[in-house]
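Please keep the structure in view while reading.

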Amino acid sequence: MTRTTSDTTPELDLPTETLSTEALPTEDLPVTDLSDLRPDAPILAPIFREFGGRPRFNGPAVTLRVPGHNPLVREVLAQPGEGRVLVVDGGGNLECALLGGQLGELAVDSGWAGVIVNGCVRDTSELAQLNLGVRALAAHPRRSGKERLGERDVPVTFAGVTIHPGDAVHADEDGILILPA
């Protein structure tokens with residue numbers, strides 16, 4: 001049964017003690033409801049800003065750790081996204097952007113649901129027009145380095161959470177929640 005609160009957000013009236021997220025279509029649930037159902041689920045610290053044109057997105061995580069260079073980001077986004085979410089640990093670097101308009105378009109064309117960057121993005125007006133979820137710490141006009149440095153499919157830790165490849169990422173206007181694989 002669904003009920004609506006005064007802010008017109010539907011809330012699920014579910015017995016949380018007997019219901020697991022495995023029995024639910026979690027991709028359709030708001031992060032607030034997922035958090036209520038899974039109070040143990042990690043939630044990233046609320047330090048990320050929305051930059052994409054798709055405020056709600058979810059999918060399995062593909063992880064990267066890149067030190068201020070984005071060729072590996074481009075390489076991964078050129079591959080079929082299949083509704084996945086690219087999670088990029090840029091080490092919180094605020095001196096260059098790891099994602100911009102061109103890579104955002106590539107992500108959409110390749111079928112990615114979203115990109116989370118522990119670092120900066122640029123071309124924010126272009127990113128806002130794309131059907132792509134984009135979260136990052138800030139915007140920065142400087143492009144990244146162009147050396148192919150980094151690691152793929154490794155656990156990444158930032159914003160108080162460790163994200164493993166394959167973990168389910170759920171992001172909306174209220175935050176980013178991770179359901180471990």
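The points below are grouped by topic and describe a predicted model.

**Overall make-up**

- Four helices and 13 strands are found in the protein chain.
- The chain has 181 residues, and buried residues make up 46% of them.
- Among contacts with a separation of 6 or more, 70% are between residues 24 or more positions apart.

**Nonpolar cores**

- The largest nonpolar core holds 23 residues, of which L77, L86, V88 and L99 touch the most other members.
- At least two residues of this core come from each of β4 (57–65), α2, β5 (85–89), β6, α3, β7 (114–121) and β8 (133–139).
- Helix α2 gives the largest share, four residues.
- Beyond its neighbours within four places in sequence, L99 is in contact with L77, G104, V115, V117, C120, V121, R122, L127 and V134.
- A separate second core has 19 residues, including A61, V85, V87 and I178.
- In soluble globular proteins, nonpolar side chains tend to be buried together.

**Helix α3**

- Helix α3 spans residues 101–110, and its buried residues are G101, L103, G104, A107 and S110.
- These buried residues pack against α2 (71–77), β6 (97–99) and α4 (124–127).
- An α-helix has 3.6 residues a turn, so residues three or four places apart point the same way.
- After α3 comes G111, which has a positive phi near 90 degrees.

**Salt bridges**

- The model contains six salt bridges, and three of them are described here.
- R38 and D40 are joined through their side chains, with an N to O distance of 3.1 Å; D40 counts as exposed because its relative accessibility is 55%, and exposed means over 50%.
- E50 and R135 form a salt bridge in which the closest N and O atoms are 3.9 Å apart.
- E50 belongs to strand β3 (residues 49–50) and R135 to strand β8, so this pair ties together parts 85 residues apart in sequence.
- Within the pair, E50 is partly exposed at 39% relative accessibility, whereas R135 is buried with a relative accessible area of 3%.
- The side chains of R65 and E151 form a salt bridge at 2.7 Å, N to O.
- R65 lies in strand β4 and E151 in strand β9 (residues 151–152), and the pair links distant parts of the chain, 86 residues apart.
- R65 counts as partly exposed at 31% relative accessibility, and E151 counts as partly exposed at 38%.

Notes. Residues are numbered from 1 along each chain as its sequence is written. This is a predicted model: local features need pLDDT of at least 70, side-chain atom pairs count only at pLDDT 80 or more; totals for chains, interfaces and linings use all residues. Side-chain values use heavy atoms; hydrogens and water are left out. Buried means under 20% relative accessible area, exposed over 50%, partly exposed in between (1.4 Å probe, protein chains only). Contact means heavy atoms within 4.5 Å. A nonpolar core is a set of buried Ala, Val, Leu, Ile, Met, Phe, Trp, Tyr and Cys residues joined through side-chain atoms within 4.5 Å. A salt bridge is a side-chain nitrogen of Lys or Arg within 4 Å of a carboxyl oxygen of Asp or Glu.
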